[in-house]
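Hi,

Here is the structure I promised to pass on to you. Have a look around first, and then read my notes below.

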Amino acid sequence: MTNGQQNSVLSQLMEELSAERIRVVDLTTSLGPETPVIDLPPIFAPSPGLTITEISRYDAHGPAWYWNTLHLGEHTGTHFDAPIHWVTGKDLPENATDTIPPRRFVGPACVIDVTAEVEQNPDFLLTPARVQQWEATYGRIPAGAWVLLRTGWSKRTSREDFLNVREDGAHSPGFAKECSQFLARDRDVLGVGVETVGTDAGQAGTFDPPFPNHTTMHGAGKFGITSLINLDQLPPTGAVVIAAPLKISGGSGSPLRVIALTPT
Ligand code: MN
């Protein structure tokens with residue numbers, strides 16, 4: 001590598017960060033025992049939330065050190081869905097948290113703001129037409145982009161409002177099947193990110209096929225990220241998202257720290 005290469009884009013990035021012309025935005029919720037986990041019908045095995053147990057805290061168990069044991073499902077809090085998570089992606093190459101090439105954890109963000117629609121209808125589904133309406137203003141979604149669905153849902157801070165479960169199941173926004181197909185096939189996105197507990201709508205267990213976003217995205221080798229916050233701090237285009245899951249051997253996903261680099 002020549003000096004010229006060392007000097008170029010990365011050093012400029014560091015300068016821009018130091019000068020606060022580029023900001024690091026944390027898109028991650030705090031992970032704790034109260035972090036809600038998706039409710040599945042009782043015929044299916046549930047995923048546990050986080051249990052945290054102290055090993056020592058500067059005490060007889062460890063006089064100079066503090067550390068904890070964690071017990072949790074892979075899909076807890078702000079987390080990453082790998083293609084192997086779904087049956088449609090189970091035989092794809094490089095489909096697990098340890099085998100996905102790390103280059104694919106970084107991509108430009110396209111933030112589609114449907115907050116107003118979701119205020120009117122918590123079961124709102126993003127459609128290809130709505131995506132194309134966004135593209136008419138902000139340009140075509142490039143291949144390898146993260147498509148982030150900004151719904152305002154992360155403002156629902158109580159567990160009850162966030163999960164929004166009624167007698168007939170959860171009510172929260174998501175993607176129409178045709179939209180997941182459009183994004184995966186016609187736009188070749190990296191994946192989708194949402195503010196809700198899962199990348200499918202609350203009612204998606206009743207759709208055909210059930211959970212069409214998981215079915216489509218993971219079948220196409222694409223990813224999901226859930227329980228994002230601070231999407232209102234990102235521009236519609238121009239931010240870069242870094243979302244790298246834990247390198248769990250054969251892992252189907254993991255909690256992660258999602259950060260965005262965004263112009264100020
Ligand atoms: Mn998940």
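Let's start with T28, which is buried, at a relative accessible area of 10%; buried means under 20%, exposed over 50% and partly exposed in between, using a 1.4 Å probe and protein chains only. Before going further, a word on what you have: this is a predicted model, where local features need pLDDT of at least 70, side-chain atom pairs count only at pLDDT 80 or more, and totals for chains, interfaces and linings use all residues. Residues are numbered from 1 along each chain as its sequence is written, and side-chain values use heavy atoms, with hydrogens and water left out.

**Around T28**

T28 sits in the loop between β1 (22-26) and β2 (51-59). Helices (H or I, at least four residues) and strands (E, at least two) are DSSP runs, numbered from the N terminus. The T28 side chain makes a polar contact with the side chain of D26, at 2.7 Å. A polar contact is a pair of N or O atoms within 3.5 Å; within protein, one must be able to donate a hydrogen and the other to accept it, and residues adjacent in sequence count only if both atoms are side-chain atoms. A polar atom of the T28 side chain also lies 2.9 Å from the backbone nitrogen of V258. Not counting residues up to four places away in sequence, T28 touches T78, I229, L256, R257 and V258, where contact means heavy atoms within 4.5 Å.

**The metal site**

Which residues hold the manganese ion? They are H75 (through ND1), H79 (NE2) and D81 (OD), at 2.1 to 2.3 Å. Donors are N, O and S atoms within 2.8 Å of the metal (3.2 Å for Na, K and Ca), and sites may look incomplete because water is not among the atoms. Along the chain, the donors of the manganese ion have the spacing H-x3-H-x1-D. H75 is buried at 15% relative accessibility, and D81 is buried too, at 1%.

The largest pocket holds about 410 Å³ of space. Its lining has 26 residues, and I38, D39, A170, G202 and F211 are the closest to its centre. Both α5 (159-163) and β9 (169-170) supply at least two residues of that lining.

The second largest pocket has a volume of about 320 Å³. It is lined by 18 residues, with I38, L40, H85, W86 and H214 nearest its centre.

How is a pocket found? On a 1 Å grid over the protein atoms alone, it is an open set of points where a 1.4 Å probe fits, with protein on both sides within 12 Å along at least five of seven lines; lining residues have an atom within 4 Å of a point. Grid points are joined across faces, edges and corners, and a volume is the space filled by probe spheres set on the points.

P83 is in the loop between β4 (79-81) and β5 (106-113), and it is buried at 1% relative accessibility. Leaving aside neighbours within four places in sequence, P83 has contacts that include G89, K90, L92, H218 and F223.

Q181 belongs to helix α6 (residues 177-186). Is Q181 buried or partly exposed? Q181 is partly exposed, with a relative accessible area of 23%. With neighbours within four places set aside, Q181 is in contact with D186 and T216.

Happy exploring!
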